[in-house]
Amino acid sequence: MSLLHLVVLAPFVLAILVPFLFKYIRQVHTGWFVMILPLTLFIYFIQYLPIISRGDTIHEQQPWVPSLGMHFDIYLDGLSLLFALLITGIGTLVVLYSIYYLYNKKKEALGNFYVYLLMFMGAMLGVVLSDNLIVIYVFWELTSLASSLLIAYWFHKERSRYGAQKSMLITVSGGFAMLAGFSLLYVMTNTFSIREIISQADVIITNPLFIPAMLCVLAGAFTKSAQFPFHIWLPDAMEAPTPVSAYLHSATMVKAGIYLVARLTPVFGAAPQWFWIVSGFGIFTLIWGSISAIRQKDLKAILAFGTISQLGLIMSLIGLGSAAFHYDVAVVGTLYYTATLAAVFHLINHATFKGSLFMIVGIVDHETGTRDIRKLGGLMTIMPITFTVALIGTLSMAGIPPFNGFLSKEMFFTAAINATTLDIFNMQTLGILFPIIAWVASIFTFAYCMLMFVRTFLGKFKPEKLEKEVHEAPIGLLIPPIILASLVIIFGLFPNLLAYTIIEPTMASILPNVLAEGERFYVNIYHWHGFNTELFMTIGVVLFGALVFLNLKKWSETTFFLKERDPLNWVYDNSLVWIVSGSTKVTNMQMTGLLRDYFVFMGVFIVGLMGYTMVKYNIFAIDLVNIAEVSPYVFILVIVLLATTVLLPFISHRITAIIATGVIGFLVALLFVVFRAPDLALTQLLVETVMVVLFLLAFYHLPELRKEKFTPRFKLTNLLVSIGVGAVVTLTALSAHAMSYANPIQSISEYFIENSYELAAGKNIVNVILVDFRGLDTMLEILVLAIAALGIVVLVKLRMTGGEDV
Amino acid sequence: MKKNLLMLHTITRIVAFIILSFSVFLFFAGHNNPGGGFIGGLMTAAALLLLYVSFDIKSIKKVIPFNYTTMIAVGMLFAIGTGVASMLRGFPFLTQFDKYVTFPILGKVHLTTALPFDLGVYLVVVGVTLLSILTIAEDDA
């Protein structure tokens with residue numbers, strides 16, 4: 001148990017204390033107590049920066065279930081540290097923001113809010129810091145759970161519950177697939193430790209389980225990171241309070257999938273399938289998200305689709321970056337790992353500008369009472385600070401210099417252009433698609449950035465549509481976005497501040513073994529590359545983006561723009577309905593509530609199962625050699641017995657049927673006599689008599705209404721099933737008899753015959769077996785009788801009075 | 001409408017005793033000849049049932065004031081008790097013993113612990129049969 005373990009567990013511990021703080025210290029907003037923790041953790045993680053940037057890693061061990069290979073091991077390298085800093089840093093800002101956002105201490109259930117938020121924070125730290133796949137999975141599901149709880153924070157709203165359920169269903173299904181993938185990895189490598197799995201990467205790739213494991217893991221990563229077609233939960237998750245959207249659905253949780261893909265790139269990255277799936281789905285998500293975003297009328301929905309699109313961008317870059325495994329860096333230079341560099345850099349940038357934009361949208365919502373861009377406008381002069389911050393965030397997102405978004409976008413274009421020069425996996429022909437899609441998607445990105453910004457802050461102020469008197473937000477709400485926006489500027493102006501400290505070690509952990517021993521990535525990000533293709537692409541993006549935005553009015557009446565919701569929601573909503581109606585149908589079909597149907601099912605199942613087994617293992621063995629001679633008595637008895645049995649279904653009078661049953665019983669007793677079983681015969685006679693008496697008694701009590709005679713109805717199914725069961729049982733008996741001769745097993749009856757008098761001092765072997773050799777059976781059988789009798793007494797005497805449904 | 005059932009009553013009085021004796025014989029003969037607790041119990045129950053059928057239930061209840069529920073319990077106790085007794089002497093549960101003992105009047109008698117066990121079976125069977133039949137028969141709801 002090291003300090004790093006405590007770091008992961010600290011949020012959970014604080015989450016336990018939060019309700020007490022909320023209940024007993026009412027004067028102070030609970031958020032202030034919560035804020036201390038992420039701040040402390042952030043400062044703590046900063047201390048690791050020098051160590052990590054030297055290229056070292058930290059590994060702390062803590063056994064959890066050692067017998068199953070589950071260790072709560074913590075592994076801190078560049079990638080983990082980057083995420084840990086994002087989680088704690090933005091976590092601090094979000095908590096600060098939420099203090100002012102959820103300012104009403106009486107109305108808001110703050111206890112719940114901060115418990116969920118801390119739970120999420122701890123789970124997220126667990127995901128990024130763990131080295132063990134199972135531990136990652138545990139924390140992964142915890143983030144899903146916490147996310148759902150936070151989305152449904154205002155649980156009295158129907159939309160919130162819908163969004164929470166949707167995100168839960170999608171992310172948990174993905175998480176479950178991921179667990180399957182992890183298990184397959186375990187099967188292949190016999191370890192859950194990521195580092196050990198990476199060390200066996202070259203063995204795994206030849207394993208037949210490689211592709212299933214990869215697909216399962218990717219399913220988990222794609223559902224969490226809102227990649228196409230699993231992105232539909234993210235826009236509906238916008239029903240959460242804005243701090244939650246800013247934290248979970250832009251900066252941290254949705255990047256868990258990115259983290260996982262980046263983390264497992266060394267394992268799977270060398271496979272062409274990985275390259276194509278990750279970069280293909282990523283680039284498609286990019287364009288799908290950016291096109292969907294301009295259709296939205298709600299600011300948060302625009303941001304949600306914006307997030308989807310940017311996540312697709314990062315994902316595709318990681319996919320493209322995996323090409324580096326196929327080249328020798330010493331020969332081709334930095335060309336192929338630019339994509340990875342761009343991914344890491346954009347990951348940081350996106351967290352900063354998207355977080356600030358969400359907070360800005362929250363402020364606008366908070367101060368005007370609406371997020372609908374049709375009602376907003378002209379807020380520039382009323383909310384100048386908000387406006388400034390929004391300008392910075394938007395320009396960064398659109399990719400305009402001198403902000404950090406520009407740099408990462410340039411690198412993205414570089415990586416996309418590099419993709420065309422790759423000579424692996426058919427990239428010579430299909431690679432050209434990457435820069436084209438990237439460019440078109442960037443145009444739409446620019447368009448929705450402008451749409452969002454212009455419609456909110458420029459134009460005419462429309463106070464008549466707003467419910468509140470609009471004024472600038474309180475300073476507490478503004479500090480977090482201001483900090484994020486200044487980071488946007490700082491990272492934009494001095495990108496190399498990040499390059500040496502965090503980007504290089506992060507790349508080293510995504511692409512290990514690419515560099516020779518002792519070498520490091522040398523990252524140098526700068527603004528001016530000269531007049532190259534990327535620059536012209538950016539100029540084109542600005543021009544065409546402005547064109548798209550200016551013509552938006554013309555297109556806004558088309559059906560494409562009127563439909564805000566993603567068409568894939570139709571699939572989700574309907575499949576939910578279909579699952580329910582389908583399972584209802586299936587249940588109604590089989591659960592008829594009629595005992596006779598269930599008997600038919602059982603009969604069919606017995607015939608099917610036994611018949612199949614007999615045919616499959618070929619165990620028909622009818623042997624007529626080892627058969628005893630049949631005496632004439634037996635012949636006559638069996639014939640009468642058969643005749644009575646066959647007659648039974650055709651008897652239309654109940655009393656006659658009962659008497660016929662009695663006849664069968666007495667005939668069986670006679671058979672016992674013939675087969676020399678006097679005890680059995682006596683018992684059978686007496687029991688049969690008592691049974692008939694009981695039948696007649698029960699008969700007397702039949703209700704008045706049902707006393708009419710009846711003829712048993714004929715049903716072909718029933719006949720077939722009963723014939724089938726009879727045939728199967730007969731065949732089984734015959735085969736068993738024949739086989740017992742083929743493979744003789746010594747009978748234990750010899751022992752009883754020899755020892756009944758010697759050991760038990762009795763000559764009646766049956767009785768000796770019953771009371772001596774096997775006395776326990778007898779004891780429990782009389783217990784059965786006793787229970788049956790008491791049951792009858794209870795049923796008859798303790799009659800319920802009302803119309804109870806038992 | 002009251003019928004005169006003199007014939008039935010007279011014959012029942014004689015036959016019931018014969019059946020009862022036969023059932024006792026079956027019970028004791030069990031260890032060496034066909035019979036035993038189960039059959040003996042059923043036979044006793046049959047004899048008592050004959051009494052219940054030919055006379056009315058109320059008067060027989062006065063004559064035979066048994067509580068059949070208690071009889072079941074006692075029977076179970078006998079059966080379990082035999083097993084526990086062998087345990088107390090350090091043998092496995094339900095180990096049976098036998099011994100030839102000479103009594104003053106009866107002479108040499110073969111005693112086995114299987115007998116109290118069988119007695120338990122006997123009592124339970126009698127109790128169960130009569131309890132269920134009488135409960136159902138008395139039910140007038």
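# A tour of the interface, a cavity and a loop

Across the interface of chain A and chain B there are 0 salt bridges, a salt bridge being a side-chain nitrogen of Lys or Arg within 4 Å of a carboxyl oxygen of Asp or Glu. The model is predicted, so local features need pLDDT of at least 70 and side-chain atom pairs count only at pLDDT 80 or more, while totals for chains, interfaces and linings use all residues. Residues are numbered from 1 along each chain as its sequence is written, chains are lettered from A in the order in which they are written, and side-chain values use heavy atoms, with hydrogens and water left out.

H35(A) gives the largest share, 14 residues. That side of chain A divides into 26 nonpolar, 7 polar and 5 charged residues, where Ala, Val, Leu, Ile, Met, Phe, Trp, Tyr, Cys and Pro count as nonpolar, Asp, Glu, Lys and Arg as charged, and the others, Gly among them, as polar.

Now show both partners: 38 residues of chain A and 40 residues of chain B take part in the contact, which means heavy atoms within 4.5 Å. The area buried between the two chains is about 3,300 Å², with 76% from carbon and sulfur atoms; buried area is the accessible area (1.4 Å probe) that two parts lose on being put together, summed over both.

Next, select Leu299(A), Ala390(A) and Phe457(A), which are among the residues lining the largest cavity, a cavity being a set of points on a 1 Å grid over the protein atoms alone where a 1.4 Å probe fits but cannot get out, with lining residues having an atom within 4 Å of a point. Helix H17 (338-368), helix H18 (384-398) and helix H21 (433-457) of chain A each give two or more residues to this lining, which holds 9 nonpolar, 2 polar and no charged residues.

Finally, go to the loop between helix H10 (210-224) and helix H11 (233-236) of chain A, where Pro229(A) lies. The peptide bond from Phe228(A) to Pro229(A) is cis, with omega near 0°.

Note on methods: Helices (H or I, at least four residues) and strands (E, at least two) are DSSP runs, numbered from the N terminus. On a 1 Å grid over the protein atoms alone, a cavity is a set of points where a 1.4 Å probe fits but cannot get out, and a pocket is an open set with protein on both sides within 12 Å along at least five of seven lines; lining residues have an atom within 4 Å of a point.
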